[in-house]
Structure formats: structure tokens, C-alpha cells
Amino acid sequence: MSVTEAATSQAGKEFDIVVLGAGSGGYACALRAAQLGLTVALVEKGNLGGTCLHVGCIPTKALLHAAEVAESARESGQFGVKATFDGIDMGGVNAYKDGVVSRLFKGLTGLIKSRGITVVEGEGRLTGPRTVEVAGTTYAGKHVVLASGSYSKSLPGLEVDGERVLTSEHALTLDRVPASAIVLGGGVIGCEFASVWRSFGAEVTIVEALPRLVAAEDEASSKALERAFRRRKIALHTGAPFESVGHTDTGVRVTLQGGTVVEAEILLVAVGRGPSTDGLGYAEVGVEMDRGFVKTDERCRTNVDGVYAVGDIVPGLQLAHRGFQQGIFVAEDIAGLDPQPIDETGIPRVTYSDPEIASVGLNEDRARELYDDVETLTYDLGGNGKSQILKTQGFVKLVRRADGPVVGVHLVGARVGELIGEAQLIYNWEAHADDVAPLVHAHPTQNEALGEAHLALAGKPLHAHS
């Protein structure tokens with residue numbers, strides 16, 4: 001019996017939970033609910049795993065690793081290694097990327113099947129507080145979880161054609177390295193693709209309407225990334241809103257407010273992601289919406305009894321691990337385990353460009369808005385042995401309430417995304433500098449920089465940083 005036939009045979013059955021969407025939030029909810037003994041129907045029109053697995057986090061990070069390998073080959077001489085960089089084989093890069101996605105997809109599919117979750121293939125629509133319709137068949141649940149994900153946004157008058165004007169989905173399937181690219185949007189997605197293409201040898205220009213790149217991050221992190229990008233010969237136009245785009249014989253011509261004109265082979269539109277909720281019946285059933293997003297309380301509940309929402313359709317950080325944790329939370333809430341609400345500020349954030357940016361908690365500006373007395377300390381990675389070995393530059397910046405807990409940790413440098421695990425514990429457990437300072441950090445690791453920053457913040461800098 002096929003998956004679809006199995007789902008059809010259970011169409012008349014009421015499930016404990018019907019999940020609409022099998023991205024990070026949806027499949028995490030389904031897996032945890034099944035683990036807790038609940039019956040689950042998981043509705044998905046595409047592939048299990050959603051945006052993150054297929055056209056988001058996983059494939060982009062595979063490209064970023066390929067970019068790191070390219071830079072290693074190009075710069076091998078500074079490490080005394082004789083190697084040559086002969087170029088990028090995009091067919092090979094894409095085969096590597098697709099192989100990673102395929103293996104993870106196969107593993108996820110097997111896991112969902114082994115848990116006894118009923119997978120319903122097709123586009124679902126909410127038809128009542130307890131019902132989802134798929135291709136004319138209704139699936140009823142004691143609870144419904146909306147997890148329909150997001151799509152790549154564009155701007156008014158900016159038509160995406162998939163050839164010269166691309167979204168990130170199109171960019172992931174390019175069969176060549178563009179000679180030049182304009183990246184419209186200096187957020188996480190834009191900076192990651194700009195970093196990849198520059199490492200692959202393209203001339204790259206980033207256009208950002210806001211005054212700085214990755215504007216949600218601490219200003220010091222933004223400035224460090226901008227300096228690093230300029231050193232890498234990535235051109236930046238910040239505080240420069242988009243006005244129009246036209247075609248040339250060889251690509252595109254982008255005009256910015258103020259009259260600046262930039263030309264390139266392709267334009268990547270990376271202006272954020274919008275909620276995929278249009279036409280899915282949410283508002284018709286009475287679910288309260290806000291500009292396409294689903295409004296929820298801190299327990300992911302909508303205003304309609306029994307209907308929850310998780311992931312990118314809920315206002316807030318559009319991160320796979322946020323949706324994942326929300327999905328687990330909702331399953332446990334429905335099962336009666338009374339889980340603790342998620343502190344959104346305690347969710348770690350990483351931009352996987354070169355250099356990486358990672359953060360958790362409050363940035364300095366926000367901390368000063370909330371608290372009267374705030375202290376900061378910045379520890380330069382120049383004092384860290386492993387960072388010297390890696391030849392990376394950056395810092396650890398700590399933000400704390402005066403004589404109180406650390407309320408923000410901000411990191412810039414190669415591989416600092418791997419350091420955010422300890423940083424999120426420091427924030428989420430409301431640690432003081434004196435709590436972290438005695439902890440032993442392995443030498444030589446970049447992780448030591450976190451330890452030394454807290455030693456310094458506790459008033460006992462080991463290497464005289466202040």
C-alpha cells in the first residue's frame with residue numbers, strides 16, 4: 001500500500017493532531033506527538049522537510065562549505081601548502097549539495113514512516129476548526145497545527161523571471177558561476193549568497209535599503225561584516241533603496257534611489273520571506289491574521305480553540321530551529337505536559353557568511369532601551385590561539401546588566417556559529433560573568449575566547465584585555 005493509499009484509507013478517522021505542512025515546525029510536531037502516543041496526520045504538498053531541507057538552510061550551507069574549500073585552495077600558500085585553484089565545477093558542487101539533501105531527506109522519510117505517522121500528499125486547506133481538506137478528502141483532528149511555511153518575497157514592480165532576476169530557490173540550481181551578481185537585500189540570505197559567489201570568483205554588489213548589513217544584529221557585528229566584505233572586494237550600497245531594474249544585452253541594470261546605477265549578469269532578490277498562508281482558509285475559519293501572518297499567544301495558540309500555528313507563519317524570527325522547537329512545544333502542550341513557553345530572545349542566530357556572525361540575547365542598543373545600566377566588553381579574537389591558526393579576525397562581545405547576568409552574546413569570525421551553543425546556555429540560564437569565569441575551556445579552541453571574555457568581564461582578564 002502506498003503512502004497516499006494509506007492516508008486515504010484513514011480519511012474517515014479522527015486524528016489527535018492534523019499538521020498542515022511538513023517543514024521544520026510541522027515534522028518536529030508530528031514526530032514528538034507520535035513519540036507521546038498521539039495519532040498524527042501530516043499534510044504536505046511538496047517534500048517532507050520543507051524549505052529548510054530542500055531550498056533553504058541545508059543546501060545553502062553546503063554551498064557555503066564548498067566556498068570555504070575554494071578559499072582554502074586559493075589561499076593555501078599562506079599555510080605553506082602548495083595547491084592550485086583551477087575553478088569551480090558547478091555540476092560537481094550541485095551534485096555534492098544535492099547528495100547532502102537527498103541523504104537527509106531519505107533519513108527523515110524513514111523516521112516519519114517508522115513512527116506510524118500518516119502522511120497525506122497534496123495541498124491542504126483549513127475548512128473548519130478541526131478539519132483539513134486535501135484533494136476533496138477531509139481529515140479531522142482534535143487539534144490542528146498550521147505550519148505552512150514561507151516563500152521568497154519580491155518588491156512591487158520587481159518581476160522575478162528565474163533567469164536574470166532570481167530568488168534564492170533559483171540561485172540554488174544555477175549551473176554556472178555568474179561573472180557578476182547584484183544581491184538585493186543585505187540580510188542573512190543576501191549576505192550568505194554574496195559570500196558564496198565571491199568565493200566562487202564572481203564580482204558581487206550588495207544593495208541594502210537599511211543603513212547597515214544584517215541590521216537585526218548588534219551594530220558592531222554589522223560593521224565587522226561590512227569591513228570584511230570590503231576586504232573581500234564585495235561592493236556595498238547601504239542606505240540605498242531599490243528603484244527599478246531593466247535588462248541589458250548581458251544581464252540587468254539596477255537603479256537605486258538617488259540615481260546610482262549598477263549592472264551585473266544576474267540580480268538576486270533577497271528581501272526576506274513572506275508567510276505562505278494565502279488561499280489556505282485560515283481567515284475564513286476565523287483565525288486572526290496580521291499582514292498574512294498568523295497571530296498566536298506565547299503558547300503558539302491561535303484565537304480559534306484547538307488551532308495552533310508554528311514556524312515562519314508566526315511573527316518573529318524565521319529560523320528553522322525556532323519552528324522545530326515550536327513544533328515540539330505544541331506536541332507536548334497538546335499531550336498535557338505543560339512545557340515552558342519559548343523565550344524568543346534566547347533563540348540563537350547565525351549568518352554563515354565568511355566571516356560568520358552568531359548571536360543570542362539582546363544587542364547593545366536593545367539592552368540600553370530596556371535597562372538603565374548596561375556594560376559591554378569586547379574580546380578580540382587576535383588574542384585567541386585557534387583563531388590565529390585559522391587566520392580569522394573577529395571578536396566576542398558581551399552585553400550585561402551592570403552587576404547582573406549576561407543578556408547578550410555577539411560573535412564574529414570563522415566558525416563562530418559552532419560557539420553559539422555555550423553562549424545560548426549563558427543567556428538562557430541567566431549566568432553572571434562570575435558563573436562562567438571558573439569554567440575550563442579547552443586549549444587551543446575558539447571556545448576559549450568565550451571563557452576569556454567572561455574572565456575579563458568578571459574583572460580578572462587573563463591576557464590583559466579590557
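**Notebook: prolines, a pocket and some side chains**

I began with P444, which I found in the loop between helix 14 and helix 15. Helices here are DSSP runs of H or I with at least four residues, strands are runs of E with at least two, and both are numbered from the N terminus. The model is predicted, with local features needing pLDDT of at least 70 and side-chain atom pairs counting only at pLDDT 80 or more, while totals for chains, interfaces and linings use all residues. Residues are numbered from 1 along each chain as its sequence is written, and side-chain values use heavy atoms, leaving out hydrogens and water.

**Entry 1: H443 and P444**

From H443 to P444 the peptide bond is cis, and its omega is near -5°. H443 is itself in the loop between helix 14 (433–436) and helix 15 (447–457). Is H443 buried or exposed? I noted H443 as exposed, because its relative accessibility is 62%; the cut-offs are under 20% for buried and over 50% for exposed, with partly exposed in between (1.4 Å probe, protein chains only). The side chain of H443 has a polar contact of 2.9 Å with the side chain of E448. A polar contact is a pair of N or O atoms within 3.5 Å; within protein one must be able to donate a hydrogen and the other to accept it, and residues adjacent in sequence count only if both atoms are side-chain atoms.

I then looked at the record. UniProt, in an unreviewed entry, places the feature "active site" at H443. Its positions are given in the numbering used here, feature names are shortened, and annotations may be inferred rather than shown by experiment. The unreviewed entry also carries the annotation "domain: Pyridine nucleotide-disulphide oxidoreductase dimerisation" over residues 347–453. Over residues 347–453 I noted 31% helix and 29% strand, with the end C-alpha atoms 21 Å apart.

**Entry 2: P355 and the second largest pocket**

I found another cis peptide bond, from D354 to P355, with omega near 5°. P355 sits in the loop between strand 20 (349–351) and strand 21 (356–361). Both D354 and P355 are among the residues nearest the centre of the second largest pocket, along with E68, T392 and A414.

How many residues line the second largest pocket? I noted 34. Helix 4 (57–74), helix 7 (188–200), helix 8 (219–231) and helix 12 (385–390) are the elements that give two or more residues to this lining. The largest share, seven residues, comes from helix 4. By type, the lining has 12 nonpolar, nine polar and 13 charged residues. Charged here means Asp, Glu, Lys and Arg; nonpolar means Ala, Val, Leu, Ile, Met, Phe, Trp, Tyr, Cys and Pro; the others, Gly among them, are polar. The space in this pocket is about 1100 Å³. A pocket is an open set of points on a 1 Å grid over the protein atoms alone, where a 1.4 Å probe fits, with protein on both sides within 12 Å along at least five of seven lines; lining residues have an atom within 4 Å of a point.

I stayed with helix 4 for E71. E71 counts as buried because its relative accessible area is 12%. Its side chain makes a polar contact of 3.1 Å with the side chain of R74. Beyond four places in sequence, E71 touches S199 and R232, where contact means heavy atoms within 4.5 Å.

I moved to R400, in strand 23 (residues 395–401). R400 has 11% relative accessibility and so counts as buried. The side chains of R400 and E375 are joined by a polar contact of 2.8 Å. A polar atom of the R400 side chain also lies 3.3 Å from the backbone oxygen of L457. Leaving aside neighbours within four places, R400 has contacts that include D373, P405 and A433.

L236 belongs to strand 11 (residues 235–238). At 16% relative accessibility, L236 is also counted as buried. Not counting residues up to four places away, L236 touches I206, L213, E226, F229 and R230.

**Entry 3: Positive phi**

Most residues other than glycine have a negative phi, and most peptide bonds are trans. I noted A135, not a glycine, with a positive phi of about 50°. A135 is in the loop between strand 5 (131–134) and strand 6 (137–146), and is exposed at 79% relative accessibility. R291 has a positive phi near 55°. R291 lies in the loop between strand 17 (289–290) and strand 18 (293–294), and is exposed, with a relative accessible area of 69%.

Conventions. Grid points are joined across faces, edges and corners, and a volume is the space filled by probe spheres set on the points.
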